[in-house]
Amino acid sequence: MSRRAHARTKTPAAAVVIVGGGVMGCAAAFELARRGVEVTVLERSVPGAEASSAAAGILGAQVESHHPGPMTELGLLSRKLYPALVKDLERVSGISIGYRRSGVLKVAYEASDVARLSRELAWQSRAKLPLARLNKKALSSQEAALSPELAGGLWFEADATLEPRALLSALRIAAEKLGAEFRSGSLVKRIAEKNGRAVGVELDDGSLVAGSHVVLAAGSWTSLLTNSEAKMPHVVPARGQIVELKTSAPVLQAIVFGPDCYLVPRADGRLLIGSTLEFVGFRREVTAGAVAKLLSAAIRLVPALAEAELSATWSSFRPYTRDELPLLGPSATPGLILMSGHYRNGILLAPISAQIVADCVQGKKPPLALTPFAPDRVVK
Ligand SMILES: Cc1cc2nc3c(=O)[nH]c(=O)nc-3n(C[C@H](O)[C@H](O)[C@H](O)COP(=O)(O)OP(=O)(O)OC[C@H]3O[C@@H](n4cnc5c(N)ncnc54)[C@H](O)[C@@H]3O)c2cc1C
């Protein structure tokens, strides 16, 4: 069949077509399916193939917030949605997500750095967010494995963690059980438009998948699919590398943010060391220099890690925008909704982003103003 003839072959209309099966696409599919909306997810590889499975799984609404504003509001709303979402997902999918209100310790080697951090984050106390300053003694009684070199830190008791790979499986399975369709191996070439409205997408084999709405959730690849005339902020890949260690029993309970790395303990003795932040395009390699730096920063924080088994390394791409805000909500093209650019916090932000996208599809008022995240905003 010629390419032109093939392009005319339409598959049956799906109400909502989602491009990308990362945490964004899967969370939107679950939310739409549980609201009774017909939805199809098109994923060029398999769901969870990219950044979402590489993430450390920190739900760091407070530790990642440096000033009040729309991003902080988005993160706090999303963190609040997690406990109920986890319950629903685990019940429907039968998969345990490893959600734990672990808390996060942000630590420093110099007392002056602890004092500076407290001053910087005093706005969180004023905003009535739970936050405590720990001195050296309090720190070592909370986490005995931490280095005696540390002077103290801040304690974000309400930040949490989960296992991103389990989250991805649970979202997909639960969404499928509620009627969502997932098509792995479907490479989307472009958004199909008719009279200026998005009416579906064209796949690389020329076939069209029609829909009343298209949700673009293609992570770091989003800007490869947007119309070049559309004046949207670019989404570019920001590589992050992770080293995974294994110990016979967990050496930490809380997540620890140090000056040059963070440590994320898992209940089974695995411990993730993250991460680098590199603008190197789509180069996937894990580098010797990054592994060396991460390991030495981690061993300085927790000396006992020198004896741990090095069990894995990986890298992936955070979807970065220059103003570090996601593209979330309706675009200038009717029918096209953006759900991308969540950069360092896509796992945290998935529940609220899915609600916003589902509200946009259903013409409902979203839970917060979307202007700061408008896909057609001008980024200076
Ligand atoms: C090392 C690292 C650690 C991180 N740690 C955390 C953390 O602790 N907490 C946190 O909240 N966030 C974390 N993040 C960020 C988080 O992983 C991302 O923000 C989030 O996964 C982005 O999700 P996504 O669905 O937009 O993108 P992705 O997961 O990249 O998914 C996009 C999907 O779209 C598909 N796709 C692309 N183009 C097409 C096409 N043309 N046709 C069909 N399919 C297509 C891709 O194959 C991919 O599966 C981390 C990221 C990295 C790299």
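Predicted model: local features only at pLDDT ≥ 70, side-chain atom pairs only at ≥ 80, totals over all residues.
A residue counts as buried when its relative accessible area is under 20%. Tyr-343 has 9%, so Tyr-343 is buried. Tyr-343 is among the residues that come nearest to the ligand, pairs with another aromatic ring and has a positive phi.

**The ligand and its surroundings**

- The ligand has 37 residues around it. Glu-43, Ser-52, Ile-58, Tyr-343 and Arg-344 come nearest.
- For Met-24 the distance is 3.1 Å, for Asn-345 it is 3.4 Å, and for Leu-348 it is 2.9 Å.
- On its own, the ligand has 1,000 Å² of accessible area, and the protein covers 98% of that.
- Several elements each give two or more residues to the shell: helices α2 (23–34), α3 (51–54) and α10 (346–361), with strands β2 (39–43), β12 (236–246) and β16 (309–320).
- Sorted by class, the shell holds 19 nonpolar residues, 13 polar ones and five charged ones.

**Aromatic pairs**

- The whole structure contains seven aromatic pairs.
- One of them joins Phe-282 and Phe-317, with ring centres 5.3 Å apart and planes at 80 degrees, an edge-to-face arrangement.
- This pair links distant parts of the chain, 35 residues apart. Phe-282 is in the loop between β15 (270–274) and α9 (288–301), while Phe-317 is in strand β16.
- Phe-282 is partly exposed because its relative accessibility is 37%, whereas Phe-317 is buried because its relative accessible area is 1%.
- Tyr-320 and Tyr-343 form another pair: their ring centres are 5.0 Å apart and their planes meet at 70 degrees, so the pair is edge-to-face.
- Trp-221, Phe-282 and Phe-317 make up a cluster linked by ring pairs.

**Charges over rings**

- Trp-221 also has a charged neighbour: Arg-44 lies over the face of the ring, 4.3 Å from its centre.
- Over the ring of Trp-314 sits the charged end of Arg-165, at 4.6 Å from the ring centre.

**Backbone features**

- Most residues other than glycine have a negative phi, and most peptide bonds are trans.
- Tyr-343 is not a glycine, yet its phi is positive, at about 50 degrees.
- Asn-195 is not a glycine either, and has a positive phi of about 50 degrees. Asn-195 lies in the loop between β9 (188–194) and β10 (197–203).
- Is Asn-195 buried or exposed? Asn-195 is exposed, because its relative accessible area is 80%.
- The peptide bond between Gly-274 and Ser-275 is cis, with omega of about -25 degrees. Ser-275 is in the loop between β15 and α9.

- Tyr-82 is part of helix α4 (residues 70–93). Tyr-82 counts as buried because its relative accessibility is 1%.
- Tyr-82 and Leu-167 are 85 residues apart along the chain, and their C-alpha atoms are separated by 11 Å.

Technical notes: Residues numbered from 1 in each chain as written. Heavy atoms only, no water. Near = heavy atom within 4 Å. Polar contact = N/O pair within 3.5 Å; in protein donor to acceptor, adjacent residues only side chain to side chain. Areas by Shrake-Rupley, 256 points an atom, 1.4 Å probe, with all protein chains shown as cover. Helix = DSSP H or I, 4+ residues; strand = E, 2+ residues; numbered from the N terminus. Nonpolar A, V, L, I, M, F, W, Y, C, P; charged D, E, K, R; others polar. Phe/Tyr/Trp six-rings, centres within 6.5 Å; stacked < 30°, edge-to-face > 60°. Buried < 20%, exposed > 50% of the residue type's maximum accessible area, 1.4 Å probe, protein only. Lys NZ or Arg CZ within 6 Å of the ring centre and 35° of its normal.
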